[in-house]
Amino acid sequence: ICFSFDTKLAAAKGKANLTLDWKDGELQSVSGDADATDVRLDTPDWFYEPFAISHLSVQAVYDRPARTITWSHAIIDAGAFLADVSGSTHFAGSAAPELTLNGTLNALTVAEALRYWPVGVGTGARDWIAANISEGHVGPIRVDANFAAGVFAQDSLPDNALTLTFP
């Protein structure tokens, strides 16, 4: 399948190979891989500036009865930002979904790290870094995240929800 879309919030073009699994007349799962280029996310509630991804590659499975998406390999190449992650998302009722994410992010300059810093997360730390650290690198970064359903509605993350390891 070839795809291309361009909306105010997101844009991408690419190819996907999908397999649909049916049982007793009902969709059970969708699995496949996708490669996209020229991906743009313009989500000011998430990132301080638009996030441009030159190449996105993902292998994933959606298990409909379990209401879970699992990706075994996702590569996000946004120039200075290069990530290789795997994980899963479980949609549990009306609460925000559970999210598990593990992987690595290449080393970034301080300016690049601030560019990709999520909006509303550690704003005091972000402001302090922007004001006091003019150069340097952070990473490579190992990410291990385990966000329970609804955790983002809380004032702070539980201590065991996110681990970032870097030299």
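This is a predicted model: local features need pLDDT of at least 70, side-chain atom pairs count only at pLDDT 80 or more; totals for chains, interfaces and linings use all residues.
The chain has 167 residues, and its ordered elements are 2 helices and 11 strands.

**Overall build**

- Starting at the N terminus, the elements follow the order β-β-β-β-β-β-β-β-α-α-β-β-β.
- Along its principal axes, the C-alpha trace covers about 60 × 35 × 30 Å.
- Buried residues make up 25% of the 167 in the chain.
- Take the contacts between residues at least 6 apart in sequence: 44% of these join residues at least 24 apart.

**Surface and charge**

- The chain has an accessible surface of about 10500 Å², and carbon and sulfur atoms account for 58% of that area.
- There are 10 positive and 20 negative side chains.
- The centres of these two sets of charges lie 6 Å apart.

**Salt bridges**

The structure holds 5 salt bridges. Here are some of them, with the place of each partner.

- Asp 38 and Lys 13 form one of them through their side chains, with 3.3 Å from N to O. Asp 38 belongs to strand β3 (residues 26-41) and Lys 13 to strand β2 (residues 10-23), so this pair ties together parts that are 25 residues apart in sequence.
- Both partners of that pair count as partly exposed: Asp 38 has a relative accessibility of 49%, and Lys 13 has a relative accessible area of 42%.
- Glu 49 and Arg 115 also meet through their side chains, at 2.6 Å from N to O. This pair links distant parts of the chain, 66 residues apart: Glu 49 sits in the loop between β3 and β4 (51-63), while Arg 115 is in helix α1 (residues 110-115).
- Glu 49 is partly exposed at 36% relative accessible area, and Arg 115 is partly exposed at 33%.
- Arg 142 and Asp 144 make another salt bridge with their side chains, at 3.1 Å from N to O. Arg 142 is partly exposed, with 35% relative accessibility, and Asp 144 is partly exposed too, with 26% relative accessible area.

- Phe 152, Leu 157, Leu 162, Leu 164 and Phe 166 together make a nonpolar surface patch of about 460 Å².

**A closer look at Ala 78**

- Ala 78 is part of strand β5, which covers residues 68-78.
- Why does Ala 78 count as buried? Its relative accessible area is 10%, and buried means under 20%.
- Which residues is Ala 78 in contact with, leaving aside neighbours within four places in sequence? They are Phe 51, Ala 52, Ile 53, Ser 54 and Tyr 116.
- Ala 78 and Asp 63 are separated by 15 residues in sequence, and their C-alpha atoms are 29 Å apart in space.

Note on methods
Residues are numbered from 1 along each chain as its sequence is written. Side-chain values use heavy atoms; hydrogens and water are left out. Patches are made of residues with over 30% relative accessible area and no salt bridge: like charges are joined within 9 Å, nonpolar side chains (Val, Leu, Ile, Met, Phe, Trp, Tyr) within 5 Å. Accessible areas come from the Shrake-Rupley method with a 1.4 Å probe; for residues, only the protein chains shown count as cover. A salt bridge is a side-chain nitrogen of Lys or Arg within 4 Å of a carboxyl oxygen of Asp or Glu. Helices (H or I, at least four residues) and strands (E, at least two) are DSSP runs, numbered from the N terminus. Buried means under 20% relative accessible area, exposed over 50%, partly exposed in between (1.4 Å probe, protein chains only). Contact means heavy atoms within 4.5 Å. Lys and Arg count as positive and Asp and Glu as negative; His and the chain ends are not counted. The place of a charge is taken as NZ of Lys, CZ of Arg, CG of Asp or CD of Glu.
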